[in-house]
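Please open the structure in a viewer and keep the selection tool at hand. The stops below proceed from the ligand to a pair of side chains.

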Amino acid sequence: MKVNIRENYDAMSKSVSDQIINYINNKPESLLCLAGGDTPLKTFEYLVKADENKEVDFSKAKFVSLDEWVGLGSSTKGSCVETLYTHLYDKLSINVEKQVCFFDGLSEDLDKECKRVDEFIGGSNGIDICLLGIGMNGHLGFNEPNVDPELKCSVIPLDPVTKTVGAKYFDEDVNVTAGITVGLKHLLASKELILIANAEKKAEIVKKTIEGKITIEVPSTMARKNENSVIYLDEEAASKLEK
Ligand code: PGA
């Protein structure tokens with residue numbers, strides 16, 4: 001896994017945006033898989049700016065969103081769908097109906113949701129470029145510690161750490177116990193796999209991700225199995241690395 005350390009969150013996000021833009025400019029009909037959460041927000045700002053300045057053309061690309069809290073939908077501020085539409089999809093010059101695929105966390109048939117998203121990914125011959133934040137417990141999407149790495153799209157019970165940390169996204173109390181997510185099987189097969197982390201609070205999990213043993217107990221370590229994986233960090237998140 002390539003490690004790219006930038007001075008701060010802003011510079012890190014610009015570099016990530018540049019890698020994505022470069023990929024799309026080389027292969028406009030790519031499938032992107034993008035995470036919600038806090039870490040990608042500045043990258044999204046740079047992507048929107050580049051789209052406005054016509055430095056990139058997303059009109060032939062497809063987007064699959066990484067995950068959703070089971071039981072939440074777009075009317076809940078802080079849900080994954082709300083975050084991605086508000087900060088990215090609605091601001092890009094794309095046809096969201098045709099180009100974006102999202103899990104419906106409110107669906108009564110979650111297995112069908114998983115199949116629908118599996119088919120969308122399969123129909124594009126897999127994910128081209130994938131952008132993932134790293135959870136405090138090393139989860140990628142809702143691929144929680146000790147998940148089966150062979151899973152495609154799946155419903156996963158939430159790890160206690162995810163439940164606690166997750167409260168930061170919501171203005172109101174939400175009772176979430178599971179997530180629906182693109183599984184590690186798809187994520188690890190991405191043609192380019194980008195992990196991002198910033199701030200001191202991520203320094204410990206970043207150290208484990210890069211220097212720890214590769215183990216499904218820390219799902220982010222599994223990203224090292226992808227030979228085109230890269231992690232972008234700010235200096236604080238990189239502060240506990242040995243080298
Ligand atoms: P964050 O979330 O970007 O809000 O830190 C990362 C994650 O839990 O996947």
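**The ligand and its surroundings**

Select the ligand first: the space it takes is the largest pocket (on a 1 Å grid over the protein atoms alone, an open set of points where a 1.4 Å probe fits, with protein on both sides within 12 Å along at least five of seven lines). This is a predicted model, in which local features need pLDDT of at least 70, side-chain atom pairs count only at pLDDT 80 or more, and totals for chains, interfaces and linings use all residues. Residues are numbered from 1 along each chain as its sequence is written, and side-chain values use heavy atoms, with hydrogens and water left out.

Next, display the residues around the ligand, among them Gly 37, Thr 39, Ile 134 and Tyr 169 (a heavy atom within 4 Å). By class, this shell comprises two nonpolar, five polar and three charged residues.

Now select His 139, where an N or O atom of the side chain is 2.7 Å from a ligand oxygen. At Lys 168, a polar side-chain atom likewise lies 2.7 Å from an oxygen atom of the ligand.

**A salt bridge**

Finally, select Lys 27 and Asp 128, whose side chains form a salt bridge at 2.6 Å, N to O (a side-chain nitrogen of Lys or Arg within 4 Å of a carboxyl oxygen of Asp or Glu). The whole structure contains 11 salt bridges.

Technical notes: A polar contact is a pair of N or O atoms within 3.5 Å; within protein, one must be able to donate a hydrogen and the other to accept it, and residues adjacent in sequence count only if both atoms are side-chain atoms. On a 1 Å grid over the protein atoms alone, a cavity is a set of points where a 1.4 Å probe fits but cannot get out, and a pocket is an open set with protein on both sides within 12 Å along at least five of seven lines; lining residues have an atom within 4 Å of a point. A molecule sits in a cavity or pocket if more than half of its atoms lie within 2 Å of its grid points. Ala, Val, Leu, Ile, Met, Phe, Trp, Tyr, Cys and Pro count as nonpolar, Asp, Glu, Lys and Arg as charged, and the others, Gly among them, as polar.
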